[in-house]
Each structure stands twice: as C-alpha cells, then as structure tokens.
Amino acid sequence: MRSEAALLLLFVISLVLASESFPKDEVWSLKTFKEAIFEDPGLVLSDWDNLDADPCNWSGIWCSSARDHIVKINISGSSIRGFLPPELGRITYLQELLLHGNNLIGTIPKELGMLKYLKALDLGENQLTGLIPPELANLNSIMKINLQSNGLTGHLPPELGNLKSLRELRLDRNRLQGTVPASGSSTFQSNSTTHGMYALDSTGLCRASQLEVADLSYNFFNGSIPKCLNYLPSSSFQGNCLQNKSIKQRTSVQCGGAPRSRTHQTFDTKHRPADDVSDTKTKQHQGPSKPAWLLALEIVTGTMVGSLCVVALLTAFQRCNSKSSIIIPWKKSASQNEQIAVYIDSDMLKDVASFSRQELEVACEDFSNIIGSSPDSLVYKGTIKGGPEIAVISLCVKEEQWTGYHELYFQKEVADLARLNHENTGKLLGYCKESSPFARMLVFEYTPNGTLYEHLHYGEGCQLSWTRRMKIVIGIARGLRYLHTQLDPPFTISELNSGAVYLTEDFAPKLVDFESWKSILTRSEKNSGSIGSQGAICVLPDSLESRHLDVKGNVYAFGVLLLEIISGRPPYCKEKGSLVDWAKEYLELPEVMSYVVDPDLKQFKFEDLKVICDIVNLCIHPEPSKRPSMAELCSMLESKIDTSVSLEFRTSSLAWAELALSS
C-alpha cells in the first residue's frame with residue numbers, strides 16, 4: 001500500500017512539475033486568442049480552462065511529445081467569430097495554424113511572421129481584410145499558405161518569393177491587385193559588406209523554387225502572367241484583370257472598378273535594390289569636393305524641400321481621415337508595450353444612410369421617449385421629420401472602452417443588417433457614428449405592436465388566436481427561408497426567440513437581429529458580472545445561452561420558438577425548467593398532444609397542431625445534419641396549414657377583428 005501511495009504521489013508531483021514547466025507565454029497566447037473570439041456556436045473552446053496551466057488536453061491543441069510546447073492549433077470549420085490576436089506569434093514552436101472555414105474578421109497580424117518553425121498556415125474561407133503582411137516572408141519553414149476566400153486587399157508581397165520551402169500558395173477569391181511579382185534575378189557585388197556573396201536586386205515568386213501549387217484566381221491582378229509561372233494551370237490566373245485573352249478574365253467594367261494599385265516608394269537605402277545602394281556609395285566617393293557656397297545653397301534648398309514635404313505629409317494625413325480606410329489602435333492593457341492596428345474599411349457603409357446624433361435627438365424628443373432598455377442598450381421611439389416612425393437602439397458604452405475591434409465589428413454588422421430586404425425581416429434605415437459626444441446607434445423601422453415575447457408572456461396572449469399564431473409561424477418561416485437561401489452568404493439570427501420577432505400593426509412578424517453585435521462588449525465584461533439578467537422572470541441556462549449562429553442552429557431555435565408560440569411558455573423557467581424537455585413527452589402522442597397548447601386559447605385545430613409538433617421534432621433532432629432546411633419546413637407549413645379564419649367565426653369575435661385588419 002505504501003509503495004502504491006508513493007507511486008501516486010510521484011505521479012501527481014510529475015504532473016504538477018510538467019504544468020509548471022509549460023511556457024507561460026504560450027498558455028497566455030491561447031487565452032488571449034480565446035478572449036478575441038466572441039462567438040463560439042459549437043462551444044469548441046469551452047474546455048479552454050483559464051485556470052489550467054497545461055493546455056495539451058484542450059480541444060484543437062496538439063503538444064510536442066514531451067508536452068512542453070504547443071506544435072499545432074486546428075480549429076477549422078467551427079464557425080467561431082472573432083479576431084486573430086498578435087499574441088499568436090509568441091507560440092514559438094508552433095508548426096501548424098489551421099483556422100480554415102470560420103468567421104474570423106479583422107487583419108492578419110504581422111506577428112505571425114515570428115513563427116519560424118511554422119510549416120502550414122491555413123486561414124482560408126474567413127472574413128479577413130486588409131493587407132497580407134510582408135512579415136510572413138520570415139516564415140523560413142513554411143510549406144503551405146492558404147488565405148483563399150477572404151477580403152484581403154493591396155499588393156501581393158514580393159517578399160514571399162524568399163520562402164524556399166513554400167510548395168503551396170492559395171490566394172484565390174480575394175481583392176488583391178497590382179502585378180504578380182515574379183522577377184528573381186541577382187547581381188554579384190564585390191565589396192566588404194557582402195563578402196563576395198550574391199545580393200538580390202529584387203524578389204518575386206520566381207525565386208520560390210519549390211512552389212508546386214499557386215492559385216491567384218479571382219482577384220484584380222493586372223499586367224501579364226510571368227513566364228516563370230507558365231507551368232501553373234491556367235485556372236490559377238482566371239478571373240483577374242490580366243492581359244491574357246486565352247484565360248477567362250474579368251470584364252473591363254469590373255476591372256475599372258477594382259481597387260487602384262498604388263506605387264510605394266521608399267528613400268531608405270536598406271530597402272533599395274543593391275545596385276542602387278552601390279551606385280549611391282560610388283557617387284559619394286567620386287569627383288572633387290564641392291565649394292562651400294554650393295554646399296550652403298544645397299543645405300538651404302534641402303531645408304525648403306524638407307519643409308514642403310512636411311506640409312504635404314500633414315495635408316495628406318488630414319485627407320486620410322476622410323478616406324475609406326483608417327487605422328484605429330487596439331487599446332491593450334498597460335502591461336503590454338505595443339499597440340496593434342486594426343484595419344477598418346468604411347467603404348462597406350457607403351450605401352447605408354448615416355444619421356447625425358442631433359437628427360435622432362430631435363426625432364426621439366431629446367431621447368426622452370424610451371421604449372426599451374437592457375444593461376447594454378437603450379431603445380428610443382421617434383419620428384423622422386417627413387419620414388417614418390423609427391426605433392433607435394443606442395449602445396451604452398464609454399468612448400475609452402471602444403476599441404478598433406469594436407468599431408470594425410460594428411461596421412460589419414451594420415453592413416450585414418443593411419442588406420436585408422424582405423417583408424418578414426426588420427428594415428435597417430441607417431446608423432449613427434459620432435465621437436463628440438460618443439455615440440453608436442442603429443436606426444430601425446418602428447413596429448407598433450412590440451415583440452412577440454411581450455404578447456406571449458405579459459398578459460396579452462389573448463390577442464393571439466390560433467389562426468393569428470399560425471400566420472406568425474408561417475411569416476417567421478418565410479423570413480428565415482429568405483435569410484438562409486436567398487442571401488449570399490446566408491444570414492442567421494444570433495438569438496432566434498420570441499424577443500427577436502417584432503409585430504407590425506396587423507401582427508405580421510418581422511425578424512430583427514440587433515443583439516449579435518453587442519456580444520463583443522459582454523465578452524470583455526462577462527467576468528465582472530456587470531452584464532446579467534437580474535429582474536428577468538425567466539432566464540436561459542448556459543446550454544441555451546450560446547448563440548445559434550449557423551443555419552442548422554437557427555433551425556433548432558425555430559423548433560423551440562414554435563413550441564413557445566403554441567404553448568405560451570418561455571424557452572426556460574427556473575421553476576418549470578426547459579420547454580423542450582417538458583414538451584417531449586407530448587410531442588409524439590396524439591392522445592396527449594393537446595396538452596402543449598396554451599390554456600388561454602379557446603379554439604385550435606388539431607390538424608395544425610400535429611403539423612407543428614412534427615416540425616418541432618424535426619427541428620430539435622440532436623444531429624444537426626439531420627435537421628431539414630428552412631425551405632423544406634416553410635413548404636410543409638404553407639401546404640398543410642390553413643390560415644383562413646372561417647372556422648373561428650362562430651366562436652371567436654377576435655376572428656372577425658382579424659379579418660377586418662387583414663382586409
């Protein structure tokens with residue numbers, strides 16, 4: 001027994017020592033990455049324990065055989081949404097960073113270039129923007145780079161040609177521009193600084209001698225295809241603006257609207273081609289010395305030119321403030337030395353109406369007409385002069401808490417909401433973005449009958465007859481079908497429940513999603529407890545609190561919403577537990593199926609109820625792949641449910657009122 005106890009003690013001690021020996025920088029980097037992810041629908045990061053000093057058992061993390069370093073991160077296809085923090089560059093021995101097929105936004109941090117052992121970098125099929133950092137050329141061990149299907153802009157860094165081990169480069173379906181950098185000649189210098197070595201006068205993909213696969217298709221590259229890349233298939237260059245008629249290219253109209261390439265010049269000799277540097281040095285040592293008066297004249301002239309350059313730079317800086325792309329610093333903690341820039345493309349809002357704070361203040365009666373509130377927002381009702389009634393959602397946030405990440409996410413959400421145009425989705429009329437006083441607001445079309453949640457759970461359920469509820473169900477299904485199938489990319493409601501369904505004057509449903517963009521604020525405050533649900537009658541448990549961001553998640557939420565509509569019960573109550581758990585015993589048994597119906601309803605159609613229960617069972621299937629699409633569900637509802645009110649006329653005076661409203 002003593003020997004067994006001793007062995008157990010030694011095992012525990014070894015585990016403790018192993019966890020203590022794990023590099024703190026690497027653990028801290030992973031925790032920073034988790035904090036930068038503000039939507040995790042699959043809960044893939046749920047086991048990343050902040051108190052655990054050994055991350056080797058975390059999902060998506062692989063460690064070395066000695067369990068002393070992280071060598072692989074693979075969180076592909078998980079629909080996580082957030083940013084790539086620069087701290088990832090501190091995971092020194094990382095060999096693979098695979099984040100393909102997520103919803104990552106923001107820019108690619110240049111600090112990834114510090115990963116000298118990295119062999120595979122896969123950030124494809126995300127929503128990354130900005131430039132490809134030339135610092136990636138420092139990845140000496142890299143064999144595969146995949147950045148396809150993002151929104152990357154600017155030039156392709158010619159420095160990538162320095163990657164001698166690079167075999168696969170996928171940059172297709174971005175917004176890259178300029179010529180394809182390909183030259184790779186070199187010249188011989190014989191001087192003391194080079195010691196007889198070759199000094200390259202240019203860089204380019206021709207120098208990547210191991211390159212086997214390179215896909216540059218569907219960008220905005222111009223010029224010609226370099227001869228040294230002729231071994232690549234023609235599909236690698238299609239969909240650009242190249243001077244090659246034999247390969248399918250963009251139209252002249254599309255190329256005319258492409259981002260214009262800019263010529264970047266530098267006067268720093270360390271970035272000049274070697275020939276220029278040597279020529280400069282040669283000229284400095286040739287010829288007789290200049291007279292003093294000529295030297296003085298050159299100094300005066302140089303001073304004047306320098307002053308003009310300073311004025312020009314200041315003018316250009318002021319103009320940049322009004323251009324489409326700005327750089328906003330990410331405010332880091334005091335313990336960190338640098339500030340990281342976040343690329344923000346305000347061009348995405350050029351087609352969205354912008355309101356001034358003063359306009360909205362007048363419309364909302366000095367912001368006194370408050371119709372809703374939460375710990376992180378206020379909702380005002382107002383009327384635009386000569387325009388419609390509006391609902392203004394104002395975010396409660398201080399300017400010092402607002403970072404570049406917040407601004408980027410706010411702009412992307414505004415642009416995403418603005419593209420919705422359907423009778424069963426809420427209409428975003430515009431936004432407000434001001435700095436003095438600081439304000440971030442969304443302006444929606446006002447819906448006079450409030451939310452479906454209010455009618456179901458605050459004593460007004462009697463206004464919702466069975467027929468009206470069926471009309472609302474079909475309207476919601478049509479709205480989701482539009483969002484899922486008629487938009488590219490599909491749009492999903494982050495919190496699909498009765499609180500996201502707003503009702504017009506004739507009780508037509510409109511899906512409104514202004515909750516998702518506020519989650520980035522709660523991410524930074526969730527540990528402080530400042531964001532809570534105090535005072536709520538019913539709250540969601542952790543298992544239901546995660547946002548249904550994917551299409552199949554929306555389908556599940558739609559099934560729960562159907563139960564909520566026909567039963568009048570909230571999705572979860574502390575006293576009664578989960579609505580789904582409660583209803584399961586009634587859903588498949590016709591003899592007790594009517595028990596799920598709201599007792600306030602005097603009339604209902606059993607045939608409709610059976611259709612609804614069948615659909616609920618399909619929606620809440622535990623395997624997402626086996627849940628039907630909203631197009632299929634909508635078709636079932638439209639074909640099997642009759643929303644006429646004729647059967648209710650004899651027993652319900654409310655049915656006559658509904659008929660009058662709909663006529």
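Colleague: Hi! Let's start with Phe367: buried or exposed?
Modeller: Hi! In this predicted model, Phe367 counts as buried, because its relative accessibility is 11%, and the cut-off for buried is under 20%.

Colleague: Good. How many aromatic pairs does the count come to?
Modeller: The count gives 11 aromatic pairs. One of them brings Phe367 together with Tyr380: their ring centres are 4.8 Å apart and the planes make an angle of 45 degrees, a tilted arrangement.

Colleague: And which parts of the chain does that pair link?
Modeller: Distant ones, 13 residues apart. Phe367 belongs to the loop between helix H6 (357-363) and strand S20 (370-374), while Tyr380 is in strand S21 (residues 377-383).

Colleague: What about Tyr380, is that one buried or exposed?
Modeller: Tyr380 is buried, with 8% relative accessible area.

Colleague: OK, on to Trp402 and Phe410. Why is that pair edge-to-face?
Modeller: Their planes stand at 75 degrees, so the pair is classed as edge-to-face, and the ring centres are 6.1 Å apart. The cut-off for that class is over 60 degrees. Both Trp402 and Phe410 are buried.

Colleague: Changing topic: where do you see a cis peptide bond?
Modeller: One joins Ser436 to Pro437, with omega about -5 degrees. Pro437 sits in the loop between strand S23 (428-435) and strand S24 (438-445). Asp488 to Pro489 is cis too, and its omega is near 0 degrees. Pro489 is placed in the loop between helix H9 (466-485) and strand S25 (501-503).

Colleague: Nice. Now charges and rings: which ring does the charged end of Lys72 sit over?
Modeller: The ring of Trp62, with the charged end 4.6 Å from the ring centre. Arg569 has its charged end over the ring of Trp582, 3.8 Å from the centre.

Colleague: Last topic, backbone angles. Which residue has a positive phi although it is not a glycine?
Modeller: Arg67 does, at about 55 degrees. Arg67 is in the loop between strand S2 (61-63) and strand S3 (70-74). Glu365 also has a positive phi, near 55 degrees, and lies in the loop between H6 and S20.

Key: Residues numbered from 1 in each chain as written. Predicted model: local features only at pLDDT ≥ 70, side-chain atom pairs only at ≥ 80, totals over all residues. Heavy atoms only, no water. Phe/Tyr/Trp six-rings, centres within 6.5 Å; stacked < 30°, edge-to-face > 60°. Helix = DSSP H or I, 4+ residues; strand = E, 2+ residues; numbered from the N terminus. Buried < 20%, exposed > 50% of the residue type's maximum accessible area, 1.4 Å probe, protein only. Lys NZ or Arg CZ within 6 Å of the ring centre and 35° of its normal.
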